[in-house]
Amino acid sequence: MRVLQLIDSLEAGGAERVAVNIANGLWVNNQSSFLCATRKEGFLKESLLPEVGYFFLNKKKVIDLKAIKRLKLIIRKYDIQIIHAHSTSFFLATIVKLTNSNVSVVWHDHYGDSEFLENRKFKVLKRCSKYFSHIFCVNKKLKTWAEDNLNFKKISYLPNFASISEIKGDTILKGIDGKRIVCLANLRQQKDHTTLLLAFKSVLKLYPEWTLHCVGKDFNDNYSEDIKKSIIKLGLNKAVYLYGSKPDVYNVLNQSQLGVLSSKSEGLPLALLEYGFAGLPVVSTKVGECKTVISHNYNGLLIEPESPLELTKALVYCIENEKVVSTFAKRFNKHIIDNYSQNSQIEYVIEIYKTCIK
């Protein structure tokens, strides 16, 4: 089987990590695997196994004839049978499909604002969907939405999965060893860093030696500026640190004691799975599939979104009850390894691929 993962970029992000993980997982499972970044490269390129075929289109606009031609040549040269298109790359995949009826298109929906699907624009997606052979959705809400709005029947819920990155990094977190909280989240509104900052401000009143470490892409937009201003306004500039994107995620997590997500909306965030693989206790808002992965007061703590008070209480509980949350972390680690490992998910993906090949 010859499968090409198609993704807009290889910068830090959930969809990008999934594309890389699937490409690597396919090769490990003895499949011919390729990945093509359309618009931008990024440090996730380092995570690709050397045996995975890699291409970069340098696509400049929505309809870039040169990029389309390059992709068509790749499909023909390597006899690609399936294009697994992630997120918005479905449009380019559909154009190629229209000129090559032998290739099948599988679309992977990673839409992050799944709590606000009523605002989603999908006219172009709906027109393209009739050329898809299968749709993967990262949570059950997206699956239901696709069934209702795209009039498409071959849809599967495919939870994200994480794998231990072999990238060696030299990121050194600031603060005191044993007193660090980490948040893996790009600086986007849906991640709601504002609530996290307000909660952490209250935590510091009780435990002033603790620090918060935010790792994720900084888009240098209005939201990013607001977060940076809030850090200063709340007097947190000596306790909250922004690192931007980092390739050595597990190095970062190994220096941390607690993983947190304060999102207003999610699919199934890879950060949550990575916390689990790293053996961290977790506090998360009950959005998207987070509430199906975490069993409250058994393997982690769940709170309502946009509630600084609830988040404060959960963080304080973790700090004050180290032995209890250590047990939570061990249970969560086992749950993630048993249910969200690369092997179990890749085997399922391969079975779906087999139904798509003509």
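I take helices (H or I, at least four residues) and strands (E, at least two) as DSSP runs, numbered from the N terminus.

I note that this is a predicted model: local features need pLDDT of at least 70, side-chain atom pairs count only at pLDDT 80 or more, and totals for chains, interfaces and linings use all residues. Residues are numbered from 1 along each chain as its sequence is written, and side-chain values use heavy atoms, with hydrogens and water left out.

**Sheet.** I looked up the strand order. An open sheet of 7 strands runs β3-β2-β1-β4-β5-β6-β7, with parallel pairing. Two strands count as paired if DSSP finds at least two bridges between them. β3 (53-56) and β7 (155-157) are at the edges with a single partner strand each, so one side of each has no neighbour in the sheet. The twist averages 20 degrees from one strand to the next.

β2 (residues 32-37) pairs with β3 in the parallel sense over 4 bridges. Phenylalanine 34 has glycine 53 in β3 as its bridge partner.

**Helices.** Contact here means heavy atoms within 4.5 Å. Angles run from 0 to 180 degrees between N-to-C directions, with axes fitted to C-alpha atoms, for helices over the stretch in contact. I find α3 (residues 90-99) lying across β1 (2-7), β4 (82-86), β5 (104-109) and β6 (132-137), at about 155 degrees to β4. Helix α5 (residues 140-149) lies across β5, β6 and β7, at about 170 degrees to β7.

**Loop.** I located isoleucine 63 in the loop between β3 and α2 (65-77). Isoleucine 63 has a relative accessible area of 48%, which means partly exposed (buried is under 20%, exposed over 50%, 1.4 Å probe, protein chains only).
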